[in-house]
Amino acid sequence: DEVLATFQAMVKRDGLEVLKPDVFAEVEVAGHMVALNPHLANAFKNGVSEVSLFWRDADGVPLKARYDYVKPHTFPDLKKCENKGERPFPEACLLALRSYGYDLQASHYLEGGYPAFLEFAREGRIFGDCPLPKGFADGVASPEDMTFTFVFHQTSGAPVTHGMEIEAGSQVLAKARRDVAAMKRRWLDCMERFGTSEWVSEEPIRRLTVEEMPYEWRAAAELEAA
């Protein structure tokens, strides 16, 4: 009890976050496997972690980003991938990117946030406990040369790793750019209509048609019609 009380006092004093044993073990394995991959071994070295960014775009939309890690030429971002289908891991990583919309994050952080990030860093507009050191912006890439690097770690089966990189302006992010722009327009529209009160849906009732239903529904309808 005395040891536990001392530990809890240290945690409270230093503002620490205590990980459960299984989470701690997972973090250790992920770190070890990333370090063993020669292409990813330095992904989370010689940079700064946990950098928060807050800015407004040209239309005044308030935006934010939380960078896992910041390096002079890329933003490495660690992603867990369970791979339940036991696909080849690069294929599973690509499926996860599409399924969870990771391209939206890459576009938002890389093409939306980084120009503001660079401007603030050069002007010394760094506040609070941000680990970004003074002068960091002097040797970093220009916005058109920056990249976003996904570092995937498989959490089921063999703990293998895989990296995927996206450059600013890439056609891979074309859909994400449109989606992000649509989200901003929706935000502006809702602010104009509702302000800071509750945002509610005003869509009218829509009558369903069998053509938009799954195949087995359409097949049943065709049999019934026959």
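Phenylalanine 44 is partly exposed at 29% relative accessible area (buried is under 20%, exposed over 50%, partly exposed in between; 1.4 Å probe, protein chains only). The model is predicted: local features need pLDDT of at least 70, side-chain atom pairs count only at pLDDT 80 or more, and totals for chains, interfaces and linings use all residues. Residues are numbered from 1 along each chain as its sequence is written, and side-chain values use heavy atoms, with hydrogens and water left out.

Aromatic pairs
- The structure holds 13 aromatic pairs (Phe, Tyr or six-membered Trp ring centres within 6.5 Å; planes under 30 degrees apart are stacked, over 60 edge-to-face, the rest tilted).
- Phenylalanine 44 and tyrosine 69 form an edge-to-face pair, because their planes are at 80 degrees, with centres 5.6 Å apart.
- Tyrosine 69 is buried, at 9% relative accessible area.
- Tyrosine 67 and phenylalanine 75 make a tilted pair, 4.5 Å centre to centre with 35 degrees between the planes.
- Tyrosine 67 is buried at 1%, and phenylalanine 75 is buried at 1%.
- One aromatic cluster includes Tyr67, Phe75 and Tyr102.

Cysteines
- The whole structure has zero disulfides (cysteine sulfur atoms within 2.5 Å).
- The closest cysteine sulfur to that of cysteine 81 is in cysteine 93, at 4.8 Å, so the distance is too far for a bond.
- Cysteine 81 is buried at 5%, and cysteine 190 is buried at 8%.

Threonine 161
- Threonine 161 is buried, with a relative accessible area of 15%.
- Its side chain makes a polar contact of 3.1 Å with the side chain of asparagine 37 (N or O atoms within 3.5 Å; within protein, one must be able to donate a hydrogen and the other to accept it, and residues adjacent in sequence count only if both atoms are side-chain atoms).
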